[in-house]
Amino acid sequence: MKKGLLMVSAVLLMVSMLAMGCPPEVEPEQRLVVAMGVEPPTLEPIRMACSPAATVSQHITQPLVYLDVDGSLDPSLAKSWEVSPDGLVWTLELRQDVKFHDGTPFNAEAVKFNLDRFLDPDNAAPFRFLIERITEVEVAGDYTVKLHLDEPFAPLVAHLSHSFIGMLSPTAVKALPEGELVDYPVGTGPFKMYEWVRGEHITLVANDEYWGGRPRLDKIVWEFIPEDATRVMRLEAGDVHHIYRVPPMDVPRLEADPEIEVVRASSVRVIYVGFNCLVEPFDNPKVRRALNYAIDREAIVEFVLGGAGRPSDAPIVPAVFGHHAAGPYEFNPEKARQLLAEAGFPDGFSTTLYHPTGRYMKDVAVAEAVQAQLRDVGVEVELVTMEWAAYLAYLRKPPEEATHTMYLLGWGTVTLDADYGLYALFHSSQWPTAGWALSFYKNEAVDDLLDAARITPDLAKRQATYKEAIELIWEDAPWIFLYDEVQINAQCASVRGLVLHPTERVQAWDAWIEK
Amino acid sequence: MWQYVLRRLILTIPVLIGVSLLVFAMVRLVPGCPAVAIAGVHATPEFVEQVRRDLGLDRPLHTQYFIFVGNLLRGDLGVSTRTGRPAATEIWDKFPNTVELAMASTLVASVIGIIAGVISATRQHSIFDSGSMLVALFGVSVPVFWLGLVLMLLFAVTLDWLPAGGRGGTIEYLILPAITLGAASAAIIARMTRSSMLEVLRQDFITTARAKGLRERIVTYKHALKNALIPVVTIIGLQSGILLGGAVLTETVFAWPGVGRLMVDSIMARDFPVVQGAVLLFAVCFVFVNLFVDVLYSFLDPRIRYE
């Protein structure tokens with residue numbers, strides 16, 4: 001008995017000694033780990049062209065204007081902006097309290113340096129087209145910039161909000177050896193570049209001096225894990241806090257886990273089946289409308305995509321400025337048959353649907369679903385699967401050479417402004433090879449409206465113009481409007497304040513981890 | 001001996017020329033224009049044209065090939081269209097990781113394979129023998145990505161013993177990928193060791209050794225195994241070459257930052273300079289591993305002479 005007591009007190013003593021050896025309680029480091037499927041190829045603004053790069057870079061290098069989740073354009077590095085009555089000169093007033101991570105002051109000279117660099121044809125920035133209407137960037141004061149345009153271009157401010165046009169410290173760029181591109185960007189953002197181990201991760205650390213107030217996170221680690229199943233397992237094992245692109249079949253299991261939260265957000269991409277409006281029978285709008293009524297979008301979204309979609313109600317998604325819900329087309333096979341009969345095809349017809357494989361989520365299965373649903377109204381569709389590069393080359397031919405009939409494709413309005421989603425695809429000046437209007441659709445009223453919206457600076461008027469254009473396009477139906485893609489991510493339930501933007505970007509500057 | 005090595009080295013030249021031709025043709029035979037694919041959906045025709053010029057695709061085919069080989073000899077693989085960095089840098093950065101994984105899995109495969117093979121041979125027709133050969137059959141047949149995911153599910157998610165993928169720099173990150181990648185090779189090595197051992201154990205000098213009264217352990221490991229290892233070494237050599245190149249799936253599943261995964265990422269992005277370089281590197285490694293194994297023979301078995 002005595003011996004036992006002795007033992008117990010000895011153990012207690014040891015435990016208390018161990019406890020005394022512990023360091024005093026400190027605030028644990030706020031470190032967020034995000035697993036993405038794709039590594040940013042580069043963080044150099046004049047080279048960036050994909051959303052993983054935009055996701056990481058926007059924490060470091062900021063654009064002049066911030067595009068909010070709801071599609072509104074908010075002041076950021078630019079406090080305010082206004083356009084001259086003729087629409088040819090935009091004046092931007094800049095914040096005066098901003099410094100780059102290397103201490104270089106942010107001012108009008110820095111903006112000119114960055115925009116000139118982005119616009120320089122020799123630099124061949126893939127997204128130069130966003131602001132190519134700018135002919136001159138003028139320094140009109142220490143913190144005032146005037147942008148001169150060759151023609152009025154209303155979407156300019158929306159385009160300036162793009163994460164690819166991030167502001168780099170001119171000092172840091174000029175210090176680069178001749179011909180070298182930026183590897184570790186130096187910007188004005190809430191986080192600073194800390195480490196990039198290629199193939200593994202990028203680590204950012206909080207910018208204590210951030211003009212918007214220091215973020216609550218101390219570090220963000222962006223991990224690159226290409227395999228979907230591995231990302232899910234890393235989340236389940238507690239190795240990471242947030243993962244991109246959860247496969248639809250894993251969603252129910254993750255939703256049942258109390259420690260995991262499934263996050264959904266709309267994306268900017270629409271998936272559609274285009275018609276070649278120059279060839280029979282698709283030169284008849286009745287046929288095109290009929291095929292729209294023949295498709296059960298709800299079924300495709302639920303059973304093919306596992307919920308990762310939303311039936312399209314316009315040729316652009318709701319997050320895009322200028323969106324107007326004209327639909328969706330109801331699923332009504334009876335009406336489809338009736339319209340086909342009116343168009344002179346009471347027994348339907350045969351045609352071909354071209355589609356890519358592995359480019360979009362479940363693209364082959366979606367094409368097969370369209371095929372099966374069209375068969376119900378008497379339209380026999382032969383599917384032709386093509387490899388992506390060959391597919392693009394096949395589709396992008398001038399009208400006299402084009403041989404496609406129906407084609408499955410997607411389009412992401414990455415600028416979140418309707419101009420980019422509608423002009424390139426529906427304006428008749430954009431028929432290949434000039435642009436991507438692969439349906440050879442032409443409606444002069446639509447052309448006029450899209451032209452007008454381009455040069456109307458008044459937001460309400462622009463919105464009304466796009467509404468009118470979308471209604472006409474919807475009625476003419478140069479596409480089978482299918483669905484908007486929905487992003488499905490997942491995270492630990494302890495993550496707070498993290499935003500999943502429609503542009504497929506995770507924004508973590510207001511995030512923290514609840515301990 | 002050195003003459004033999006020299007002759008083999010000279011013989012690798014036509015092989016490497018063949019490889020360079022194949023790699024060169026590969027990119028040009030891809031359907032559609034690589035320039036269109038690289039420039040992407042949103043590109044303007046001018047930008048596509050610029051990419052085509054940058055890639056040199058506007059020149060005659062034979063000129064393109066000579067430029068390609070000329071650059072190659074200077075170690076210039078071109079610039080990665082995905083990252084804008086030299087392709088050689090991209091590949092060279094990742095190569096040590098692939099070698100690390102290939103060596104670890106060769107080690108795992110050799111240890112497991114030889115032990116299982118020897119025990120199976122010495123206890124032919126026992127339960128262990130049939131059991132281990134059954135496992136070996138499983139090891140050869142099971143798809144790598146499936147095995148990887150199952151191991152991860154078991155050891156990382158359910159048991160929480162090991163990390164689920166990534167390369168943290170410590171040995172625990174290496175264990176699961178090495179086992180996954182080495183499984184098929186372990187099975188092949190086990191089967192090879194077993195049959196080679198069985199053959200040797202039937203030979204007269206083994207009977208002599210036993211007749212001398214040597215202990216069975218000495219007979220097995222000192223006399224039989226040493227002689228049975230020669231074909232096994234060949235297999236290990238060949239397998240390590242395969243492991244070097246076969247890491248593509250394992251590296252993708254485990255997010256291991258090696259050349260295999262780089263190759264997958266580059267194929268997805270149609271980053272042809274990097275794909276070309278990675279394929280070339282794998283081919284060169286395979287050729288030299290083979291050469292090394294052939295040379296190793298003469299050291300293992302003094303009876304083998306190269307004339």
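Select B:R85, B:E90, B:D93 and B:K94, which are linked in a network of salt bridges. A salt bridge here is a side-chain nitrogen of Lys or Arg within 4 Å of a carboxyl oxygen of Asp or Glu. Side chains of opposite charge can pair when their charged atoms come close.

The model is predicted, so local features need pLDDT of at least 70 and side-chain atom pairs count only at pLDDT 80 or more, while totals for chains, interfaces and linings use all residues. Residues are numbered from 1 along each chain as its sequence is written, chains are lettered from A and ligands numbered from 1 in the order in which they are written, and side-chain values use heavy atoms, with hydrogens and water left out.

**Further salt bridges**

Over all chains, the structure holds 32 salt bridges. Remain in chain B and select B:D129 and B:R194, whose side chains meet in a salt bridge with an N to O distance of 2.8 Å. B:D129 belongs to helix α6 (residues 127-141) of chain B and B:R194 to helix α8 of chain B, 65 residues apart. Helices (H or I, at least four residues) and strands (E, at least two) are DSSP runs, numbered from the N terminus. B:D129 is buried, with a relative accessible area of 4%. The terms are as follows: buried means under 20% relative accessible area, exposed over 50%, and partly exposed in between (1.4 Å probe, protein chains only).

Move to chain A and select A:R310 and A:D484, a salt bridge with its closest N and O atoms 2.6 Å apart. A:R310 is in strand β13 of chain A and A:D484 in strand β17 of chain A, so the pair ties together parts that are 174 residues apart in sequence.

Next, select A:E29 and A:K219, where the closest N and O atoms of the salt bridge are 3.7 Å apart. A:E29 lies in the loop between α1 (2-21) and β1 (31-36) of chain A, and A:K219 in strand β10 (residues 219-224) of chain A, so this pair ties together parts that are 190 residues apart in sequence. A:E29 is partly exposed at 41% relative accessibility, and A:K219 is partly exposed at 21%.

**A buried glutamine**

Select A:Q491, in strand β17 (residues 479-492) of chain A. Its relative accessibility is 5%, so A:Q491 counts as buried. Which side chain does A:Q491 join in a polar contact? The partner is A:H242, at 2.8 Å. A polar contact is a pair of N or O atoms within 3.5 Å; within protein, one must be able to donate a hydrogen and the other to accept it, and residues adjacent in sequence count only if both atoms are side-chain atoms. Contact in general means heavy atoms within 4.5 Å. Leaving out residues up to four places away in sequence, A:Q491 touches several residues, including A:L235, A:E259 and A:L498.

**Backbone features**

Most residues other than glycine have a negative phi, and most peptide bonds are trans. Select A:E280 and A:P281, joined by a cis peptide bond with omega of about -5°. A:P281 is in the loop between β12 (260-275) and α8 (285-293) of chain A. The peptide bond from A:G327 to A:P328 is also cis, and A:P328 is in the loop between β13 (309-311) and α10 (333-342) of chain A.

Now select A:F440, which has a positive phi of about 55° although it is not a glycine. A:F440 is buried, with a relative accessible area of 2%. In chain B, phi of B:D160 is near 60°, and B:D160 counts as exposed at 52% relative accessibility.

**Where the chains meet**

Finally, display both chains: 35 residues of chain A are in contact with 34 residues of chain B. The buried area is about 3,000 Å², of which carbon and sulfur atoms give 62%; buried area is the accessible area (1.4 Å probe) that two parts lose on being put together, summed over both. How many salt bridges are counted between chain A and chain B? The count is zero, while five residue pairs are in polar contact (both at pLDDT 80 or more). To find the side of chain A that touches chain B, select α6 (228-236), α12 (388-395) and β16 (406-412) of chain A, the elements that give two or more residues to it.
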